[in-house]
Amino acid sequence: MVGRLEALVAFWKEWGIQWMVLLSFALQVTLLVMADVRRHKESRLVTAILWSAYVLADTTAVYALGHMSVASRSPEQELTALWAPVLLVHLGGQDNITAYAMEDNQLWLRHLQVLAVQVRAAAYVLYESPILRHRTLLRPAAILMFVVGILKYGERVWALICASSGASSSLSARSYQDFQKKKKKPHASTCSSEASPSRWGCCPHTYSTMESMLSEAYMMLDIPKQMFEGPTRYVQIHDDYSDHNSISQLVGMQLSMMYDLLYTKAAVVHPWHGWCVRVVSQFSTVAALLFHASTANLLRGGCSRAGVTSTYVLLGGAVVLEIISMARAVFSTWTCVLLQQRGWPRLARVLHFLPWFIRTAMHVRYWSGSMGQHDLVRLCTSSRRNLSSRIARWVGSEDLWDSRFYSWSISVPQNIINRVVDLHFESEGVGRESPDHITNSRGQKALKRG
């Protein structure tokens, strides 16, 4: 038994860090894939996988970085000088997920502290590594990846800061009707100067394409943002606008945009500094991979073949992830809208020549069409007798378990959406204090019908 434990300890000392680094990369790939799946499909299995990857990703990278400082002086572990900055890049996360829940955005100060500590840990690994003492191409490769790691992790912290305060709006419009009054003129690319604005502040034929509707959804994004500032406000809709499908599509686009602002790096990717980070990261990771490839034959004498191969996997994977990040940013609907809004319609039209990317981007710009449900009756009648609830109560996690076990998502039927829009129309011209107003009539329709 003792011999087996000693063999296990010896195996972990030799291969532990390498396996942890590869696990960190695998978790990043899992986050990249499963974050988009969760966006469109509600599944407990997907939720469990994504939550596990989200929690383990930071823990694994921090654990591996801490142990690298011990083995960095060993000549056999020379490649740890490249692995440490790559782990710093992994801590920066993927562009399509920065927070698993809205409450994670409030933890930006904790991530800022982790950034300071882990940057020092990676810098110590670089300082103690033999790579910096030898004039080889691995030295600039390690330095480049270290810079990329700082930029990526700093960008993640900034995205959390923006999301934690991103609900505040910059416009004074508090309804779609107010927005129409403040809009000076319709889009030149879609409306003529003589055409009168209608309904949402643009010409009726504007919504013949999804791109124009997306532009309007972006321009009115401050309205749903204000829903996060306090009690939900009543959103006015013009009484001459009765297209339920267009309204639901536009609101669905805004829900998707709010998801981007709250759970992804959308707020920091598309400004000029976000593009600079992506350009620097792309060229730096490619250069680091080429530098490693040019010195791989020299490393085989002092490093194991498995270590060299693992470094290829890490750097090659970093290049692939950066290419995906750049492609997502370039072909994002945010980019199309921002180019149009900033007076660069010709650049926006360039994206229209790539229909496959446009269709894919437009597909992810819709609301999933599902809504969370909580069975309060079943919770009250069954939780005391349910074995899993009793076990959760015994370990002190009854509320957390019950909120998950008795909740699920359902597809929202179109007739429900149409009825909500009809209720808005029926409230037009009705005083806010009236019991027939939508904000004061919760449950009254059912009571009257009964």
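## Overall composition

The chain of this predicted model folds into 20 helices and 2 strands, where helices (H or I, at least four residues) and strands (E, at least two) are DSSP runs numbered from the N terminus. Of the 450 residues in the chain, 44% are buried, a term that stands for under 20% relative accessible area, with exposed meaning over 50% and partly exposed the range in between (1.4 Å probe, protein chains only).

## Basis of the values

Because the model is predicted, local features need pLDDT of at least 70 and side-chain atom pairs count only at pLDDT 80 or more, while totals for chains, interfaces and linings use all residues. Residues are numbered from 1 along each chain as its sequence is written, and side-chain values use heavy atoms, with hydrogens and water left out.

## The R39–D260 pair

The whole structure contains 8 salt bridges, each defined as a side-chain nitrogen of Lys or Arg within 4 Å of a carboxyl oxygen of Asp or Glu. One of them joins the side chains of R39 and D260, at 2.7 Å from N to O. Since R39 belongs to helix α1 (residues 2-40) and D260 to helix α9 (residues 244-263), the pair ties together parts that are 221 residues apart in sequence. Both R39 and D260 are buried.

## Salt bridges around K265

A salt bridge also connects the side chains of K265 and D95, with an N to O distance of 3.8 Å. This pair links distant parts of the chain, 170 residues apart, with K265 in the loop between α9 and α10 (266-269) and D95 in the loop between α3 (80-91) and α4 (108-128). K265 and D95 are both buried, and the relative accessibility of K265 is 0%.

K265 forms a salt bridge with E155 as well, the closest N and O atoms being 3.6 Å apart. Here E155 lies in helix α5 (residues 138-164) and K265 in the loop between α9 and α10, so the pair ties together parts that are 110 residues apart in sequence. E155 is likewise buried, at a relative accessible area of 6%. D95, E155, K265 and R278 are linked in a network of salt bridges.
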